[in-house]
Amino acid sequence: MPFGAIMAGVSLVSGYIGAKKSAKAAKKQANLQNEATERQFEYDNKMYDMTVDQMKAKHAFAVKETELKRRNDTNAANYQDTINAQNYQNQLMIRNREQASLDAQFAKSEELYALQTGYNERAADLAARNETRKLDEIYAEGAFNAQEQRLKNLQAEGQIRALGQSGVSVGKSHQAVLANFGQQIAALNEGLASAGENTRAALEEIKNDKFSADLAAYANKMMDPGELPMPVEPIPSIVTEYLDPMELQDFHFGPRPVKGAMVSASAAASAVWGSAIPSIVGGAAKAYDMGKNW
């Protein structure tokens, strides 16, 4: 057998063995790829389920967190409203006490003013009556003195008549007595007139003193305090409004994982044999021709 035919045979056997190994390797590779696809699909499904669980847990936490914030804000607003109400009641109590104190002070001031003006009225009346009494005493004393002067004048005239004198000298004596009497009466009348003027002046001074005392009492009088303003009533505290998280829907999770394309192991092996068979057939034909010619 020629050497070329032998080599062709060896090549044919080698091609067959190589094709068989390649087909086996392709089949194994296809199986390995399919196993990887299965593992990836299983992993993707687990990952999808875990993601769903995570989203549900986050959503539940967000709902609880929102509810907690809402309760905290409500509690804070209620607490602030309580503090504001207490402050309002405290301010109202202080205002009412101040109002009561001012009203009491005003009432006392009115009472003291009435007492002071009443005292001034009584004091002025007493002073006026004292001055009038003094003037009456002066008038009474003047009348007594005038009567006394009249008696003295009558006594003097009686003494002149008792002397039994007549003529010009007696007339002069009577004139002298009458002149002295007139002077005494004139002096008394002048004194009484002066006393009257002094009394009228004293009465005017008493009126002025009373007016000054009444004016001082009025200056010390407290003005009517009126009504103190009421404290401003507190308004309710503002409570923050919260929007609850959206309810989870199927579209939030997205589509489930899709298994990747599977590879046919037989098809992979057939593809290797399909590409190797023409070469093997060609080698076999060449070896046959060489053996025939030999």
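# A guided look at the helices and their contacts

Guide: Welcome! The protein has four helices and zero strands, helices (H or I, at least four residues) and strands (E, at least two) being DSSP runs numbered from the N terminus. This is a predicted model, in which local features need pLDDT of at least 70 and side-chain atom pairs count only at pLDDT 80 or more, while totals for chains, interfaces and linings use all residues. Residues are numbered from 1 along each chain as its sequence is written, and side-chain values use heavy atoms, with hydrogens and water left out.

Visitor: Why is glutamine 99 called buried?

Guide: Buried means under 20% relative accessible area, exposed means over 50%, and partly exposed lies in between (1.4 Å probe, protein chains only). Glutamine 99 has 5% relative accessibility, so it counts as buried. This residue is found in helix H1, and its side chain reaches the backbone nitrogen of leucine 228 at 2.6 Å.

Visitor: What is glutamine 99 in contact with, leaving aside its neighbours within four places in sequence?

Guide: Gly226, Glu227 and Leu228, where contact means heavy atoms within 4.5 Å.

Visitor: Is threonine 66 buried or exposed, and why?

Guide: Threonine 66 counts as buried because its relative accessibility is 11%. It is also found in helix H1. Leaving aside neighbours within four places in sequence, threonine 66 is in contact with Tyr242, Leu243, Asp244 and Pro245.

Visitor: What makes tyrosine 113 and tyrosine 218 an edge-to-face aromatic pair?

Guide: Rings of Phe, Tyr and Trp (its six-membered ring) pair if their centres lie within 6.5 Å; planes under 30 degrees apart count as stacked, over 60 as edge-to-face and the rest as tilted. The structure holds one aromatic pair. In it, tyrosine 113 and tyrosine 218 are 6.2 Å apart centre to centre, with 70 degrees between the planes, and the pair is edge-to-face. The pair links distant parts of the chain, with tyrosine 113 in helix H1 (residues 3-162) and tyrosine 218 in helix H2 (residues 168-219), 105 residues apart.

Visitor: Why is tyrosine 218 called exposed?

Guide: Tyrosine 218 has 51% relative accessibility, so it counts as exposed. Tyrosine 113, at 22%, counts as partly exposed.

Visitor: How do you know that the charged end of lysine 221 sits over the ring of tyrosine 113?

Guide: A charge sits over a ring if NZ of Lys or CZ of Arg is within 6 Å of the ring centre and within 35 degrees of the ring normal. The charged end of lysine 221 is 4.9 Å from the centre of the tyrosine 113 ring and sits over it.

Visitor: What makes glutamate 110 and lysine 221 a salt bridge?

Guide: A salt bridge is a side-chain nitrogen of Lys or Arg within 4 Å of a carboxyl oxygen of Asp or Glu. Here the closest N and O atoms are 3.1 Å apart, and glutamate 110 forms a salt bridge with lysine 221. This pair links distant parts of the chain: glutamate 110 is in helix H1 and lysine 221 in the loop between H2 and helix H3 (250-253), 111 residues apart.

Visitor: How many salt bridges does the structure hold?

Guide: Twelve. One of them joins arginine 70 and glutamate 67, with the closest N and O atoms 2.8 Å apart. Both residues lie in helix H1, three residues apart, about one turn of the helix. Glutamate 67 also meets arginine 71 in a salt bridge (4.0 Å, N to O).

Visitor: Which residues are linked with Arg70 in a network of salt bridges?

Guide: Glu67, Arg71 and Asp244 are linked with Arg70 in that network.

Conventions: A polar contact is a pair of N or O atoms within 3.5 Å; within protein, one must be able to donate a hydrogen and the other to accept it, and residues adjacent in sequence count only if both atoms are side-chain atoms.
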